[in-house]
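Dear colleague,

Please find the structure below for your records. My notes on it follow directly after.

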Amino acid sequence: MLAGGEGKRLMPLTADRAKPAVPFAGIYRLIDLALSNVVNSGYLKVVVLTQYKSHSLDAHVTKTWRMSTLLGNYVTTVPAQQRVDKNWYLGSADAIYQSLNLIHDERPDIVVVVGADHVYRMDFSAMVDQHIESGAACTVAAIRQPISLANQFGVIEVDDSDPSKIAAFLEKPSDPKGLPDNPDEVLASMGNYVFTASALEEAVTTDRETDSNHDMGGDIVPYFVGRGEAGVYDFKDNDVPGATERDRGYWRDVGTIESYYDAHMDLISIHPVFNLYNYEWPIYTQHSPYPPAKFVHGSGDRIGEALNSAVSPGVVVSGAHIYASVLSPLVHVHSYASIQGSVLLDGVEVGRHAQIRRAIIDKNVVIPEGCQIGIDHEHDRARGFHVTETGIVVVGKGQVVTR
């Protein structure tokens with residue numbers, strides 16, 4: 001699992017943590033979704049390659065993801081160690097090259113390589129089955145996207161005679177070719193791969209000796225495409241137990257503040273676009289010993305309520321109104337406050353009469369009485385808050401908030 005990315009586009013949420021360690025949906029970290037997909041698929045020997053500001057990520061994985069050592073199973077973080085030379089990881093492919101000792105220790109036939117920061121459910125065993133049956137050395141998971149969005153993705157062009165084989169891999173093309181069965185769609189790489197172990201070792205070793213970006217998608221996949229050994233797995237064919245028609249095939253790269261925000265809004269619609277309540281394919285995490293959420297006061301205009309929202313354990317809503325929002329553990333919202341369309345991370349305290357609109361508030365931020373966030377963007381910027389082009393306001397971890 002590749003978890004060493006810097007996540008610059010998610011700043012300021014990644015100012016103090018690695019992107020896969022960013023909290024999500026109240027009680028999870030982003031990496032919990034990827035790890036849950038892997039272990040639910042039956043793959044119980046997992047190494048997480050870390051690098052950038054990895055302390056909270058290492059701590060979370062170490063405390064949470066404890067497998068049965070009696071059966072030889074494990075999830076373990078492996079930091080960049082300069083095992084090969086004095087360089088840290090130069091890219092995702094170099095991260096694997098510098099960690100080949102892990103593959104040598106286990107001697108697997110197949111290696112599944114996944115990113116640690118996407119929101120989706122996927123049964124990787126079906127992709128592995130196709131990989132083995134096809135005889136490919138490399139198989140890339142891909143999701144269908146409108147051809148108009150092709151310039152935002154790494155795009156896979158398939159072989160006309162064999163749609164399971166990759167003919168070309170194009171980075172953000174302006175004029176791509178549509179799919180044989182739907183000219184209005186393209187296949188975009190999901191950043192998940194299956195490799196024959198020996199082929200992966202050869203590819204990353206060869207790449208290390210070349211002047212490249214040492215990137216899995218940009219360099220390793222084209223290497224296999226050029227050799228005619230790359231296959232594609234269409235995500236639409238992936239059947240996850242318990243999936244609904246509404247959330248089947250959901251995948252979101254939460255690499256920007258907008259996509260991170262939108263993914264949260266997907267969770268809280270009446271019929272969720274991404275369904276957290278699929279108990280046949282659970283998302284695992286560490287559950288802290290917090291009490292149930294509590295809503296107090298119910299008189300006049302002092303009513304503690306949360307509508308169309310997700311509220312975590314340890315939250316207290318005291319005479320405040322919450323709408324279309326996600327409240328993480330230990331959030332405390334005081335009387336007459338109003339929160340709409342927002343995501344509050346752990347331990348945020350919102351004072352009386354405060355108003356918050358379309359905002360993301362990072363951990364342990366204290367919002368003073370009568371404060372307004374997300375209403376006057378010029379005032380938000382003047383106080384040092386990050387405001388996106390679409391008007392989402394982000395208050396960073398530990399940032400002091402004034403009225």
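In what order do the strands of the open sheet of 3 strands stand, and with what pairing? The order is S1-S4-S5, and the pairing is parallel. Helices (H or I, at least four residues) and strands (E, at least two) are DSSP runs, numbered from the N terminus, and two strands pair if DSSP finds at least two bridges between them.

Please note that this is a predicted model, in which local features need pLDDT of at least 70 and side-chain atom pairs count only at pLDDT 80 or more, while totals for chains, interfaces and linings use all residues. Residues are numbered from 1 along each chain as its sequence is written, and side-chain values use heavy atoms, with hydrogens and water left out.

The sheet and its helices

Strand S4 (residues 45-50) and strand S5 (residues 74-79) run parallel and are joined by 6 bridges. Between S4 and S5 the chain passes through helix H2 (residues 55-64), in a β-α-β crossover that is right-handed (with the strands pointing away from the viewer, the path from the first strand over the helix to the second runs clockwise). Lys45 stands opposite Tyr74 in S5, and Thr50 is opposite Pro79 in S5.

Helix H1 (residues 30-40) packs on the sheet, where it touches S1, S4 and S5, and its direction makes about 155° with that of S4. H2 lies across S1, S4 and S5 and runs at about 160° to S5. Contact here means heavy atoms within 4.5 Å; axes are lines fitted to C-alpha atoms, for helices over the stretch in contact, and angles run from 0 to 180 degrees between N-to-C directions.

Ser36 belongs to helix H1. Neighbours within four places in sequence aside, Ser36 is in contact with Trp65, Pro282, Ile283 and Tyr284.

The axes of helix H6 (residues 197-208) and helix H7 (residues 216-226) come within 10 Å and cross at roughly 120°. Residues that meet across this pair include Ala199, Leu200 and Ala203 in H6, and Met216, Ile220 and Phe224 in H7.

Backbone points to check

Most residues other than glycine have a negative phi, and most peptide bonds are trans. Met11 and Pro12 are joined by a cis peptide bond, with omega about 5°; Pro12 lies in the loop between S1 and strand S2 (23-24). Asn308 has a positive phi, near 50°, and sits in the loop between strand S17 (305-307) and strand S18 (310-311). Ala324 also has a positive phi near 50°, in the loop between strand S20 (321-323) and strand S21 (326-327). Asn308 counts as partly exposed at 37% relative accessibility, whereas Ala324 is buried, with a relative accessible area of 16%.

With kind regards

Notes. Buried < 20%, exposed > 50% of the residue type's maximum accessible area, 1.4 Å probe, protein only.
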